[in-house]
Amino acid sequence: MMRWSTAGESHGPALIALFEGMPAGVYVSSQEIEYALERRRSGYGRGTRQKFEQDSLRIVSGIRHGMTIGSPIALEIGNSEWPKWQTVMSADPVDPSDLLIDAGTGDERELARNKKLTTPRPGHADLVGMNKFGFDDARPVLERASARETAARVALGCLATSYLKQVAGIDIVSHVVQIGSQKAVRGSYVPQAGDTQTLDLSDVRTLDPDLAQRFRSEIDAAQADGDTLGGVVEVIAYGVPQALGTYCIADQRLDAQIAGAMMSIQSVKGVEIGDGFESAGRRGSYAHDEIVREGEELTRLSNRAGGIEGGMSNGQPVVVRVALKPISTVPHALQTIDTRTGQAAKALHQRSDTTAVVPAAPIAESMLALVLAKALHEKFGGDSVAETQRNLKAWQESIPEVRR
């Protein structure tokens, strides 16, 4: 059984990523994981925080000489800013007088980091988290709710991506299809398998040069207005074999697993598989993917279902769109209350990005990879890459030729 988990706080000493159930024989290097982490930090509209909060990777277990060995994989992603936060985020008790020291960074918009945070941000976990756990300070909430946690997910997603590619030849790509009011024309400049490196060269992650400029202009305008932007990213998995997931058990449906994984990403408010919402306005005769034979193989005339029918992969590319709300830390501070007094106040503002849509694409890639890796392992898994490949090949050969 494959499973993963993360631990750590935004300004803690490190994030921890744990992957259990990875078969032996998957080739992966620290350089690949570090590159994946770099992709998460990049993109037009990112704030200054990404420049000085560097990720320091340490592989603790589960990989030897660049190859997984079948035991749990533990990764540590160190926070280069930890020395500035040792008192505030200390695991052991500290002298209360130490927290009275003004340790602000000099940014006039940012509260001194040692002070309690009592003006929760609308759109964030702050207020409800304080109420849920009984805190009088939003710090413990925002530290874990922060999207910084996705660094650990991206590291785990790199492992899953390597597994999928080496076992089944699955290639996952992602691109940005909307930032603010600027949208791509559906079906235009759709990336294909192998386009990841080209997309990585685009600071707004699109193959459409005109759209790229419109994205940048939209971001520049929002930044000048002291505001933030949301958007939509699309993730496509090529080469996914049939029969991942099931129609038998609700929470094991592949589309349900994908939707849940995507909704777990910070700021995500909507998920669409295939043509999703667009198909809701079509008649049935135009909404489904007709099956035809081309030569010796069955194929589809379209892929409106996004590669999933009845909760199972159908052999077509798996296509997922994810909608992200604008970042809740807004320079034009929103109305809230001070939880000490109950009086009206302005929400706290810390350093933030104008938009996090571009880095959300590789994060969504990672989440899709983790779901597909788990589903592939459940259907065909073995203790090694070679055993899993044999299981997959044997199953494919067992399908009657008329249904292939």
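The structure is a predicted model, in which local features need pLDDT of at least 70 and side-chain atom pairs count only at pLDDT 80 or more, while totals for chains, interfaces and linings use all residues. Residues are numbered from 1 along each chain as its sequence is written, and side-chain values use heavy atoms, with hydrogens and water left out.

Two packed helices are described by the angle between their axes and the distance between the axes. Helix α1 (residues 30-41) packs against α6 at an angle of about 130°, and their axes are 9 Å apart; axes are lines fitted to C-alpha atoms, for helices over the stretch in contact, and angles run from 0 to 180 degrees between N-to-C directions. Helices α1 and α6 are therefore oblique to each other. Elements are DSSP runs numbered from the N terminus (helices: H or I, at least four residues; strands: E, at least two). The crossing of α1 and α6 is right-handed, meaning that the near helix is turned clockwise from the far one by less than a right angle. In this contact (heavy atoms within 4.5 Å), Glu32, Ile33, Ala36, Leu37 and Arg40 of α1 meet residues of α6 including Val154, Cys158 and Leu159. By class, the contact of α1 with α6 has 8 nonpolar, 2 polar and 2 charged residues, where Ala, Val, Leu, Ile, Met, Phe, Trp, Tyr, Cys and Pro count as nonpolar, Asp, Glu, Lys and Arg as charged, and the others, Gly among them, as polar.

Helix α6 (residues 150-168) also packs against α13, with axes that come within 9 Å and cross at roughly 55°. This pair is therefore likewise oblique, and α6 passes α13 in a right-handed crossing. Tyr163, Gln166, Val167 and Ala168 of α6 make the contact with Val385, Thr388, Gln389 and Leu392 of α13. These residues comprise 5 nonpolar, 3 polar and no charged.

Helix α13 (385-398) is also among the elements that give two or more residues to the lining of the second largest pocket, together with β12 (297-300) and β14 (312-313). The largest share of the pocket lining, 4 residues, comes from β12. The lining divides into 7 nonpolar, 7 polar and 5 charged residues.

Conventions:
Angles under 35 degrees count as roughly parallel, over 145 as roughly antiparallel, 65 to 115 as roughly perpendicular and the rest as oblique.
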